[in-house]
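Open the model in your viewer and keep the sequence panel beside it. This tour goes stop by stop: select, look, move on.

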Amino acid sequence: MNWKNARENRLWGWFRALVTEVMLSVVGFRYIFSFRFIYFELHRRAFFFLCSPWAVSRRFLDQRGEFDAQGYGETPLVTLNAVARRLKLSSSDALLELGSGTGRNCMWLSDRYGCRTLGIEQIPLFVQLGKKLARQSMPPGKVSFICGDMFGLDMSRWQRVYVDCTAMSESCIRQVAMLCAGLPNGAKVVTVNASLAQLMPERFQLESTFPGLFIWGWSDMRIQRVGPPEESPEEQQDQQGDRSIPLTVTEAQEP
Ligand SMILES: C[S@@+](CC[C@H](N)C(=O)[O-])C[C@H]1O[C@@H](n2cnc3c(N)ncnc32)[C@H](O)[C@@H]1O
């Protein structure tokens, strides 16, 4: 969401966004101290100095005739750090970001937590820049980007997924739920402003929720485990009891 698609007064919206951005930068300042990330961020900001990612995204959506769609938003580092800590990300993990924007999240997570990251994004310009900067600043294979539609992805090998659903319509969020239902059992999906566990209670179990700070204010962050609901110890005992009946009968019938 931004001052353009929130239908806010332009000047007020711009000022509010600026103040929030400055505040978030101050809060997130301690997260940027890495040569690689500073290199990436300086180049990214220089690239988008005259034409912001919000404007690029707006133009992309307008060209596709999606005039009402809200396209872009960024997860502040302080919020991303809260996600990474709750997921206990480490160098042995691989994380998929659905709708990776300009690639900053993937870069930062790989740099700070050592995990491999893959971002899929539909806007070619974002992907081109992300790929170029990742090649220049990260070890090979650590950060990758694909340009394309996230709904065509094979999800079967991912264990950690991050998706910001703030700018998505209800039907799009439902599609995200269908897509993530293809993850293996035990995988974890972090969503912003969307509850997959409510949409598909048989496939997603809510593990935790926490507030995440964004440029537009606080948003609901949810960590969802993929898989059927866990049975309570009583239910498990009941089932074991049920199973023991035929076993006993069979045993009893044996000579
Ligand atoms: C709200 S932005 C989030 C950017 C980034 N994930 C972050 O949190 O900073 C959502 C991004 O998802 C992209 N996106 C939306 N639908 C998509 C789709 N079907 N396939 C790939 N990317 C998509 C948009 O172009 C946009 O860059």
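Start with one cut-off: a residue is called buried when its relative accessible area is under 20%, and exposed when that value is over 50%. What falls in between is partly exposed. Keep in mind throughout that this model is predicted.

**Stop 1**

Select Arg225 and Glu230. They form a salt bridge, with the closest N and O atoms 3.8 Å apart. Is Arg225 buried or exposed? Arg225 has a relative accessibility of 15%, so it counts as buried. Now color Glu230. Its relative accessibility is 65%, so Glu230 counts as exposed.

**Stop 1: more charged pairs**

Side chains of opposite charge can pair when their charged atoms come close. How many salt bridges does a search of the whole structure find? The search finds eight.

Select Arg44 and Glu41 next. Their side chains meet in a salt bridge, 2.9 Å from N to O. Both residues sit in helix α2, which spans residues 35-47. They are three residues apart, about one turn of the helix. Both Arg44 and Glu41 are buried.

Go to Glu207 and Lys188. Here the side chains form a salt bridge of 3.2 Å, N to O. This pair links distant parts of the chain, 19 residues apart. Glu207 belongs to strand β6 (residues 204-214), and Lys188 to strand β5 (residues 188-192). Glu207 has a relative accessibility of 42%, so it is classed as partly exposed.

**Stop 2: the ligand**

Now turn on distances:

- Gly99: a backbone N or O atom lies 2.7 Å from a nitrogen atom of the ligand.
- Asn105: an N or O atom in the side chain is 3.1 Å from an oxygen atom of the ligand.
- Gly148: a polar backbone atom is 3.5 Å from a nitrogen atom of the ligand.

Switch to a surface view. Taken alone, the ligand exposes 600 Å². The protein buries 93% of that.

**Stop 3: helix α5**

Among the buried residues are Asn105, Trp108, Ser110 and Tyr113.

Zoom in on Ser110, which lies in helix α5. Ser110 has a relative accessibility of 2%, so it counts as buried. Where does its side chain reach? The side chain of Ser110 comes to 2.7 Å from the backbone oxygen of Cys115.

Step along to Gly114, which follows α5. The phi of Gly114 is positive, near 75°.

**Stop 5**

Most residues other than glycine have a negative phi. Two loop residues are worth a look here.

Select Lys88. It is found in the loop between α4 (77-87) and β1 (94-98). Lys88 has a relative accessible area of 66%, so it is exposed. Lys88 and Tyr113 are 25 residues apart in sequence, and their C-alpha atoms are 9.1 Å apart in space.

Move to Asn193, in the loop between β5 and α8 (196-199). Asn193 also has a positive phi, about 55°, although it is not a glycine. With a relative accessible area of 28%, Asn193 is partly exposed.

**Stop 4: a nonpolar patch**

Finish at helix α1, residues 10-27. Show the surface again and select Leu11, Trp12, Trp14, Phe15, Leu18, Val19, Val22, Met23 and Val26. Together these residues make a nonpolar surface patch of about 950 Å².

Pick out Trp12, which is found in α1. How accessible is Trp12? Its relative accessible area is 48%, so Trp12 is partly exposed.

Terms used:
Residues numbered from 1 in each chain as written. Predicted model: local features only at pLDDT ≥ 70, side-chain atom pairs only at ≥ 80, totals over all residues. Heavy atoms only, no water. Polar contact = N/O pair within 3.5 Å; in protein donor to acceptor, adjacent residues only side chain to side chain. Areas by Shrake-Rupley, 256 points an atom, 1.4 Å probe, with all protein chains shown as cover. Patch = residues over 30% accessible without salt bridge, like charges linked within 9 Å, V, L, I, M, F, W, Y side chains within 5 Å. Salt bridge = Lys/Arg side-chain N within 4 Å of Asp/Glu carboxyl O. Helix = DSSP H or I, 4+ residues; strand = E, 2+ residues; numbered from the N terminus. Buried < 20%, exposed > 50% of the residue type's maximum accessible area, 1.4 Å probe, protein only.
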